[in-house]
Amino acid sequence: MGFYSDRIVPRLVDISCGLKFTEPSRRRVCAGLHGRVVEIGFGSGLNVPFYPAAVESVSAVEPADLGWKLAGKRLAASTTPVERSGLDGQSLPFPDNSFDTALSTWTMCTIPDADAALREIRRVLKPGGTLHFVEHGLAPDDNVQRWQRRLEPIQKTVAGGCHLTRDIPALLTTAGFDIQDLDRFYETAAPKIVGAYSLGIAASPPVRA
């Protein structure tokens with residue numbers, strides 16, 4: 001990783017993803033988390049204030065040292081035990097069936113192999129465990145999609161590899177998740193090309209006898 005990726009992108013993400021309008025979505029997506037949680041793309045800990053009391057511990061997966069450093073004040077103010085436990089969402093250093101719930105917020109747009117990351121999350125979740133997610137991705141409208149495809153190369157360069165056109169529900173089902181709840185909407189405070197959100201809960205299917 002170069003200077004821009006190491007020193008600039010984590011600060012841009014901290015600012016852009018920390019805008020006030022993201023808080024309602026963070027509150028919604030964190031509701032229902034419980035037990036042992038793995039959070040993919042922990043970043044600067046912007047979800048930490050929204051962890052419910054039922055969360056026993058969080059294993060944070062975050063590749064950027066600066067992102068983890070920027071999380072310091074939020075971690076210090078939290079009563080939830082959080083440990084930086086991995087660097088790559090595509091290869092999680094945990095045994096199978098380790099976690100009760102998982103969390104991903106505006107992360108699958110940037111991971112190079114989102115399918116591999118989702119399959120890893122499914123692997124480390126207990127059977128019937130749930131992934132809580134809010135992601136931006138492919139818009140439902142053709143005219144917005146056209147602009148997303150035009151601007152995606154610029155977005156990837158400026159925003160550390162962030163894609164605009166990933167179909168989040170399709171990625172989840174391809175990775176073997178059962179989507180239990182899904183809300184697709186435009187975030188009114190953001191441009192439509194980056195504001196086409198998918199927010200919901202997907203379950204790792206229980207083992208069948």
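Start by selecting Ser204, in the segment after strand S7 (196-203); helices (H or I, at least four residues) and strands (E, at least two) are DSSP runs, numbered from the N terminus. A quick word on the ground rules: this is a predicted model, where local features need pLDDT of at least 70, side-chain atom pairs count only at pLDDT 80 or more, and totals for chains, interfaces and linings use all residues. Residues are numbered from 1 along each chain as its sequence is written, and side-chain values use heavy atoms, with hydrogens and water left out.

Is Ser204 buried or exposed? Ser204 is buried, at a relative accessible area of 4%; buried means under 20%, exposed over 50%, and partly exposed in between (1.4 Å probe, protein chains only). Show its contacts (heavy atoms within 4.5 Å): leaving aside neighbours within four places in sequence, Ser204 meets Arg122, Leu125, Lys126, Pro127, Gly128, Gly129 and Phe177.

Next, click Leu131. Not counting residues up to four places away in sequence, Leu131 touches Leu118, Ile121, Leu172, Phe177 and Ile201, among others.

Now for the largest nonpolar core, which has 23 residues. Such a core is a set of buried Ala, Val, Leu, Ile, Met, Phe, Trp, Tyr and Cys residues joined through side-chain atoms within 4.5 Å. Pick out Val38, Met108, Leu118, Ile121, Leu131, Leu172 and Phe177, the members that touch the most others. Strands S1 (35-40), S4 (99-105) and S5 (125-136), plus helices H5 (114-124) and H7 (168-174), each supply at least two residues of this core. Which element gives the largest share? That's H5, with five residues. A second, separate core of 18 residues includes Cys30, Val37, Ala60 and Leu199.

From Leu131, hop to Val29: the two are 102 residues apart in sequence, and 9.6 Å apart in space, C-alpha to C-alpha. Val29 lies in helix H2 (residues 23-30) and is buried, at 2% relative accessibility. Val29 touches Leu103, Thr105, His132, Phe133 and Val134, again not counting residues up to four places away in sequence.

Last stop: the surface. Select Tyr4 in helix H1, partly exposed with a relative accessible area of 35%.
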